[in-house]
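Hi,

Here is the structure I promised to pass on.

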Amino acid sequence: MSFLSRRKLITGGLATAAGASGLAVAARLASQYGLIPPDHGGIYGPGETLTYAAQRILTRHSMAREFPRSLISKTPFANGRPLQQENYLRSQAAGFADWRLQVDGMVARPVSFSLADLRKFPLRSQITHLACEEGWSFIAEWTGVPLSDLLDAAGPRPDAKFVASYSMEKDASDSIDMADALHPQTLVTYGINGGDLPVGHGGPLRLRVPRQLGYKSLKYLTRLTVTDDLKKLGRDLSNPSPEYAWYAGI
Ligand SMILES: Nc1nc2c(c(=O)[nH]1)N[C@H]1C(S)=C(S)[C@@H](COP(=O)(O)O)O[C@H]1N2
Ligand SMILES: [Mo]
């Protein structure tokens with residue numbers, strides 16, 4: 001069966017099932033095609049499954065909108081106060097010379113990159129919209145390395161399903177699936193609007209996932225762990241903040 005007709009079948013099937021005999025059938029269909037988000041058991045349960053499944057079918061290969069320079073926001077909004085943790089301030093005082101991004105988990109070659117290492121990769125810049133779930137947003141030009149390049153360097157195992165992200169900020173961590181991790185617009189960024197990434201925006205390093213809401217763009221990025229099960233990690237990252245959906249596609 002061609003991809004297109006299969007896609008029609010799945011979307012049609014999901015919609016019909018949701019309308020006709022309830023969400024349980026849609027969920028069963030979604031499961032059959034690997035379209036169940038990891039937080040499906042939570043309070044948003046079946047609704048989350050439908051959102052995730054529909055988006056994954058319709059937008060798996062789609063791109064977030066990119067904007068012209070003229071639309072870059074004059075005053076990009078940095079959410080929250082710059083990180084005040086002692087280990088962070090120490091690294092900042094050293095010009096972040098000791099900052100490391102570790103890539104580990106289900107990979108052939110665990111690696112650790114300094115900022116200088118990351119700057120040796122071919123850079124990509126993109127002007128995208130960062131939208132916070134609280135209603136505000138801004139457009140900025142982000143510069144960095146495609147996450148897929150870093151994963152290539154580490155060699156993820158074929159059965160890997162997710163990439164967990166960890167921040168130097170205590171207890172800040174999240175995760176995305178492989179489709180988003182390998183997406184060409186998902187970047188590990190060290191620059192914004194032509195300069196270094198300031199502390200307020202997560203400097204010296206943050207993840208940018210422009211196809212999802214702002215909270216998936218983790219600031220102060222220190223570690224990426226490839227896994228097939230988000231519940232197997234030290235902290236259950238299948239639903240890091242119960243009040244937010246794990247999948248925040250836009
Ligand atoms: N480490 C860390 N990353 C984070 C957050 C945070 O509090 N800590 N907030 C998230 C949320 S909710 C949003 S909307 C964006 C805000 O990005 P900005 O501060 O660059 O505007 O960062 C995301 N990444
Ligand atoms: Mo947010």
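The second largest cavity is lined by Asp174, Tyr215, Lys216, Asn239, Pro240, Ser241, Tyr244, Ala245 and Trp246. By type, that lining splits into 5 nonpolar, 2 polar and 2 charged residues, where Ala, Val, Leu, Ile, Met, Phe, Trp, Tyr, Cys and Pro count as nonpolar, Asp, Glu, Lys and Arg as charged, and the others, Gly among them, as polar. The second largest cavity holds about 30 Å³ of space, and the count comes to 2 cavities of 30 Å³ or more. For the rules: on a 1 Å grid over the protein atoms alone, a cavity is a set of points where a 1.4 Å probe fits but cannot get out, while a pocket is an open set with protein on both sides within 12 Å along at least five of seven lines, and lining residues have an atom within 4 Å of a point. Grid points are joined across faces, edges and corners, and a volume is the space filled by probe spheres set on the points.

Before you read on, keep in mind that this is a predicted model, in which local features need pLDDT of at least 70 and side-chain atom pairs count only at pLDDT 80 or more, whereas totals for chains, interfaces and linings use all residues. Residues are numbered from 1 along each chain as its sequence is written, chains are lettered from A and ligands numbered from 1 in the order in which they are written, and side-chain values use heavy atoms, with hydrogens and water left out.

Now the pockets. The largest pocket has a volume of about 640 Å³. Its lining takes in 32 residues, and Asn79, Glu169, Gly214, Tyr215 and Lys219 lie nearest the centre. Tyr215 also lines the second largest cavity. The lining of the largest pocket divides into 14 nonpolar, 8 polar and 10 charged residues.

The second largest pocket contains about 420 Å³ of space. Of the 20 residues that line the second largest pocket, Ile36, Pro38, Tyr52, Lys161 and Phe162 lie nearest its centre. The lining of the second largest pocket divides into 9 nonpolar, 4 polar and 7 charged residues. At least three residues come from each of domain 1 (3-59) and domain 2 (69-233), with the bounds taken from an automatic or database domain assignment.

On to the sheet. There are 5 strands in an open, mixed sheet, in the order β2-β1-β10-β5-β6. Two strands pair if DSSP finds at least two bridges between them. The edges are β2 (111-113) and β6 (173-177), each with a single partner strand, so one side of each has no neighbour in the sheet. From one strand to the next, the twist averages 20 degrees; axes are lines fitted to C-alpha atoms, for helices over the stretch in contact, and angles run from 0 to 180 degrees between N-to-C directions.

Going strand by strand, β1 (residues 101-105) pairs with β2 in the antiparallel sense over 3 bridges, and a hairpin of 5 residues joins β1 to β2. Glutamine 102 has serine 112 in β2 as its bridge partner. β1 runs parallel to β10, with 4 bridges between them, and here glycine 105 is partnered by valine 226 in β10. On β10's antiparallel pairing with β5, 6 bridges link residues 221-227 to residues 162-167, with tyrosine 166 opposite arginine 223.

A few spots in the loops are worth a look:

- Alanine 160 sits in the loop between α6 (147-154) and β5. Alanine 160 is buried, at 12% relative accessibility (buried means under 20% relative accessible area, exposed over 50%, partly exposed in between, with a 1.4 Å probe and protein chains only). Aspartate 228 is 68 residues from alanine 160 in sequence, but their C-alpha atoms are 4.7 Å apart.
- Glycine 203 and proline 204 are joined by a cis peptide bond, with omega about 10 degrees. Proline 204 is in the loop between β8 (195-196) and β9 (206-208).
- Phenylalanine 96 is not a glycine, yet has a positive phi of about 60 degrees. Phenylalanine 96 lies between α4 (86-93) and β1, in the loop, and is buried at 13%.
- Aspartate 171 also has a positive phi, about 70 degrees. Aspartate 171 belongs to the loop between β5 and β6 and is exposed, at 58% relative accessibility.

Cheers

Note on methods. Helices (H or I, at least four residues) and strands (E, at least two) are DSSP runs, numbered from the N terminus.
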